[in-house]
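Here are my notes on the model you passed along.

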Amino acid sequence: MKFVIATLPGDGIGPEITEQACAVLNKVGQLYGHSFEFKEYLVGGAAIDKVGEPLPAETLAGCLASDSVLLGAVGGPKWDNLTGDIRPEQALLGLRGELGLYANLRPAVLYEALRDACLLRPDLIGDGIDIMVVRELTGGIYFGDSGRRQGPNGEEAYDTELYSEMEVERIARTAFEIAMKRNKRVTNVDKANVLESSRLWRSVVLRVAEDYPEVELNHLYVDNASMQLIRDPHQFDVIVTTNMFGDILSDEASMITGSIGMLPSASLGEGRFGMYEPIHGSAPDIAGLDKANPIATILSAAMMLRYSFDLEAEAQAVENAVIQVLDAGYRTGDIFSPGMKLVSCKEMGTLIAEALK
Ligand code: NAD
């Protein structure tokens, strides 16, 4: 089969990690008889530097004309002092909104080989950790009305959390559908004791749950959820939550799986089109040093094979190749522990491509 993939390397370590994910996809193509055509576009700070805006129209059009999108990361200190609407991170919100990608799937899996990299006590890890965070991606406080104004005590700034029933219903349905294919447990995370938007959110989740009687549903306030993730991660199967709470909780979940460099994500809307990216940022502190862990991006490419291209065997082949390389003791700096073999970003990508069967 033939697929067109828009690649958006972006800033910092973005180009290094996307290069490795593309190399792995090319190897999948060779082994399984598919052709992946990569079309590269500007995004983030790199786009601001070249054309003055973080999400050029050509990039958006290129994404819309592709079968899926692979994104590295955007942002960095060079662009930190720009104003709100021309910051690199605006490109992410623009892409998610314009492409209608309302469901962000963030699996947090602790690989057996990385038990040592996990910050939790061994008795808390038990027989492993496997959580799917389902984060709403095109609503809430990141998309609500925001601004500045003069108030009695000087300048004021505000951001608004707003959710419609439709927005909550579709993300809740996504979470319940995923839970049906996993361990049939959904934890809804909100702040219904304080926020009106959370009270609407919870009532809609409860309504959707009636269509999934086999799924066990519980509710946690976000402050409790952030504590429970560390105290007893095994209680979670699927977590469904808002844009901002999901952003924060999935970073927290990443640390119990070893490193933020391990966590992939898929952003989906209606249909098969999706955008795939690691959950981490552009890591300016290690950019250009060939030190970044490319596994989160490579696993994002595996999610692309699964969700956008319906190539389950190929997706599993990539995931198995990652496990094989980790089992053989190869580690980038972020997941390194004594006795392991330290490798660069490029070497890790090559090892995974070579391990593919
Ligand atoms: P970050 O995720 O870039 O980095 C946090 C820490 O994790 C750093 O020490 C970094 O070296 C390390 N790290 C991250 N990814 C790694 C990898 N693959 N391998 C090894 N180590 C890795 O977060 P930050 O420092 O808060 O943000 C840096 C920039 O990235 C900011 O401009 C921020 O706005 C942007 N950002 C972008 C995205 C995105 O593009 N989706 C997400 C988050 C942050």
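1. Ground rules. This is a predicted model, in which local features need pLDDT of at least 70 and side-chain atom pairs count only at pLDDT 80 or more, while totals for chains, interfaces and linings use all residues. Residues are numbered from 1 along each chain as its sequence is written, and side-chain values use heavy atoms, with hydrogens and water left out.

2. The ligand shell. There are 20 residues around the ligand, and Val74, Glu89, Gly281, Ala283 and Asp285 come nearest. A residue is near if one of its heavy atoms lies within 4 Å of the molecule. Sorted by class, the shell holds 9 nonpolar, 7 polar and 4 charged residues. For that sorting, Ala, Val, Leu, Ile, Met, Phe, Trp, Tyr, Cys and Pro count as nonpolar, Asp, Glu, Lys and Arg as charged, and the others, Gly among them, as polar.

3. A backbone N or O atom of Ala283 is 2.8 Å from a ligand oxygen, and a polar backbone atom of Gly76 is 3.0 Å from an oxygen of the ligand. Asn293 puts a backbone N or O atom 2.9 Å from a ligand nitrogen. Taken alone the ligand exposes 800 Å², and the protein buries 68% of that. Those areas come from the Shrake-Rupley method with a 1.4 Å probe; for residues, only the protein chains shown count as cover.

4. How many salt bridges does a search of the whole structure find? It finds 23, each being a side-chain nitrogen of Lys or Arg within 4 Å of a carboxyl oxygen of Asp or Glu. In one of them the side chains of Asp237 and Arg182 meet at 2.9 Å, N to O. Asp237 sits in the loop between α8 (222-231) and β10 (238-241) and Arg182 in the loop between α6 (165-180) and β8 (185-190), so the pair ties together parts 55 residues apart in sequence. Helices (H or I, at least four residues) and strands (E, at least two) are DSSP runs, numbered from the N terminus. Asp237 is buried at 0% relative accessibility, whereas Arg182 is partly exposed at 23%. Buried means under 20% relative accessible area, exposed over 50%, and partly exposed in between (1.4 Å probe, protein chains only).

5. Asp223 and Lys191. This salt bridge has its closest N and O atoms 2.9 Å apart. The pair links distant parts of the chain, with Asp223 in helix α8 and Lys191 in the loop between β8 and α7 (196-209), 32 residues apart. Asp223 is partly exposed at 45%, but Lys191 is buried at 17%.

6. Arg199 and Glu196. Here the side chains meet in a salt bridge at 2.9 Å, N to O. The two are 3 residues apart in helix α7, so about one helical turn separates them. Arg199 is partly exposed at 35% and Glu196 is exposed at 55%. Elsewhere, salt bridges that share partners join Glu165, Glu169, Arg173, Arg207 and Asp211 into one network.

7. Strand β3. In β3 (residues 68-73), 6 of its 6 residues are buried. Strand β1 (residues 2-10) pairs with β3 in the parallel sense over 5 bridges, and Gly10 stands opposite Ala73. Strand β12 (residues 274-278) also runs parallel to β3, joined by 2 bridges, with Val69 opposite Met275. Pairing requires that DSSP finds at least two bridges between the strands.

8. Ala47. This residue belongs to helix α2 (residues 44-51) and is buried, at 0% relative accessible area. Ala47 and Asp11 are 36 residues apart in sequence but 9.2 Å apart in space, C-alpha to C-alpha.

9. Two backbone angles to check by eye. Most residues other than glycine have a negative phi. Lys184, in the loop between α6 and β8, has a positive phi near 60° and is partly exposed at 29%. Ala283 has a positive phi of about 40° and lies in the loop between β12 and α10 (295-307).

Technical notes:
Polar contact = N/O pair within 3.5 Å; in protein donor to acceptor, adjacent residues only side chain to side chain.
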